Amino acid sequence: MKKVIIEPITILRDTNKISELCNYYKEPIYITKNGTNDLVIMSDEVFQTKYAVSYDNELQTVDSSFINYTNTFNFVRVGCHTIETSVLNVKDNLDKIKKEIEIGKKNKEKIMVFSELTLTGYSCSDMFFQSSLINNSLNALIDLKKFTKGLKALVIIGLPISIDGRLYNAAAAINNGHILGIVLKSQLPNYKEFYEGRHFSSGAGVNGEIDIDGERVSYGTRIIFVAKDNPNIRVGIEICEDLWTYDSPSIDLAKSNATIICNLSASNELAGKNRFRKDLISVTSSKLNVAYIYCSAGQNESTTDVLYGGASYIYNGGYLIKENKLYDTESIFADIDIEPLLRDRQMKFSKILKNTCKNILCDIECEDMFEEKINAYPFLGSDEKYQEILDIQAHALAQRLKHINARPVLGLSGGLDSTLALIVCIEAMKVLGKINSDVIAISMPCFGTSKTTADNASKLAEVLNVDFSVIDIKESVNLHLNSIGHNDEEKDIAYENAQARERTQILMDVANMKNGLVIGTGDLSEACLGWSTYNGDHMSNYAVNISIPKTLVKELVRYYAKCNKNLSSILLDIINTPISPELIADSEKEITQRTEDIIGPYELHDFFIFQILKYGYSPKKVFFLAKKAFKNYDHEIIKKWLIVFYKRFINSQFKRSCLPDGIKATQISISPRGDLRMPSDGDYKMFEKELLDL
């Protein structure tokens, strides 16, 4: 760009002259004094043409292919590399960086992040004023550029760099034999043990291009590196202190849809700092909806006054995926999943996303690698979590009972779901300061009720001292079936559902008689699968288990057994009883209907629910993850039950569209008033076909 230079600076006193000059020259105008560039002015037209619009034009070339990711699962492998720094020895550091790149290459890392000022060491202090150090760093950068030829990975290293007479603390993004961009540190710590303002200039608001080894290289703070083959991989960079301030570059990078933030750091160790630093990164990763890759300088930095521990962390959406051992320079890597970030942005942040950053394409080989351990039971957790869930259920129910001044009424079958619902009622009584006998529990045995479940219901009610009664419904169900001309020998849907509807009718009528509120016992898994009788067990006045999947129901009951020794043997027996609707008669009074034989294993279905409803994953990605999570199932069995899940889930929405009120206690809710709004006439065949084609 040709510079238009106007002297002297006293022209500033003539505002009309300034306006004329701005509109006359189609370049920025440098108003100088004594040959020093003191001020740059330009018209709005020049600014929009040369700075704002040029970025937007490049954005269009990237964003036009943004949706072309259907052939990838949006996984990317990232790594952190802290070298044993030789302070001031650029050549030695260069050799160590190359060795780490080879390690990253062997690990198949696609993004390799190094620590702050990798080439020189962070603790050079006034030696940053030595031209030899700066020149050798630039030459080492050019060497690394050539070294990465053919490497389809993004390598990010730190170095000091001189631009237009100013020295910057910078990060260079290198890819396949090219220096793609130089990101400048914005926030310079200049307090207590840090004196960066003595050596470096802030990069805030600075941007442009420089020539490095015959290439035009963009520099600035608002740059995002975008993978050509998967534009969902969008990498932003900030440097150490940038993270710790209220005006972090990562905020604008995330608003510009960066999905990965890499931080090159030199963070010294203090008592308690490591925990705080991890909390800060976790919160940043969560609130900005990004993966955050943090790599700090190690203890080979100068220890004149402070110690650096080489802390490295990989976070995704607020969750720690991998960390190294403090004071250990061994590299770490992990596979991160970009897709959950994308879905959350679509749901929560789409209105604030506005790309104001320069986008630079990079050549990253996108592979569907994912070697991290998959949690087969994503709803489960610690005792602390279980208590928190029970507290949510109990306090929600207590508020509803208090509001309408009612008693809880529930059907107690001796199975898992009704047991958890009874536990919630007991805990709600504690919240309200009422006695257990205010809870009305009714056992309603019929054709398929087993001795085991009937006995457990009675024992549980007795130990808990609730208002308990047994109402045998066989006669009333038979009378109803006969009145509609049902064949006594036909054990069909009408035969089964009549029992569920009779039980609901009894509960509703008793609630009317005794100023009660019918407590729904059905769980999240059953509701997703449509495994309930419409206007039978499907209906209640308040559903306390509706966001609790079956695998979690079992663990909540187990936790309660551990906390309440007087209930332990009964609750453990209920847990070990096969899950069954108990609707078909058996002469031996034993359980013959096993729910999981009919609709599939709940552990699989609960895994499907989490991946599909929380993350919106495609059928083939859910299948991919399930194969890794469940080594005990044949792949075709997993596919079979996944197809069953999609079919039942989509076809049974009509039942969920009229669900009663129920508390959300986990991350997944299917309330038609809140989290899940879907048509009752959807077609599952597209999802089935995707799986059948695998």
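I started with leucine 613 and listed what it touches (contact means heavy atoms within 4.5 Å). Leaving out residues up to four places away in sequence, leucine 613 touches Arg343, Cys528, Phe608, Phe649, Ile668, Ile670 and Leu676.

A note on the source before going on: this is a predicted model, where local features need pLDDT of at least 70, side-chain atom pairs count only at pLDDT 80 or more, and totals for chains, interfaces and linings use all residues. Residues are numbered from 1 along each chain as its sequence is written, and side-chain values use heavy atoms, with hydrogens and water left out.

Next I looked up the cores. A nonpolar core here is a set of buried Ala, Val, Leu, Ile, Met, Phe, Trp, Tyr and Cys residues joined through side-chain atoms within 4.5 Å. Buried is under 20% relative accessible area, exposed over 50%, and partly exposed in between, with a 1.4 Å probe and protein chains only. The largest core has 91 residues, and Leu613 is among those with the most contacts inside it, along with Leu397, Leu422, Leu460, Phe608 and Ile670. Helix 10 (residues 416-432) gives the most to this core, 10 residues. Helices (H or I, at least four residues) and strands (E, at least two) are DSSP runs, numbered from the N terminus. I also found a second, separate core of 44 residues, including Ile157 and Val306.

Then the rings. Rings of Phe, Tyr and Trp (its six-membered ring) pair if their centres lie within 6.5 Å; planes under 30 degrees apart are stacked, over 60 edge-to-face, and the rest tilted. I get 23 aromatic pairs that way. Phenylalanine 645 and tyrosine 646 make an edge-to-face one, at 6.2 Å centre to centre and 75° between the planes. Phenylalanine 645 is buried at 0% relative accessible area, and tyrosine 646 is buried too, at 3%.

I see an open sheet of seven strands with mixed pairing, in the order 16-15-14-13-12-11-18. Two strands pair if DSSP finds at least two bridges between them. Strand 16 (319-323) and strand 18 (358-362) are the edges, each pairing on one side only. Which way do strand 15 and strand 16 pair, parallel or antiparallel? They go antiparallel, over four bridges, with strand 15 covering residues 312-316. Tyrosine 313 has glutamate 323 of strand 16 as its bridge partner.
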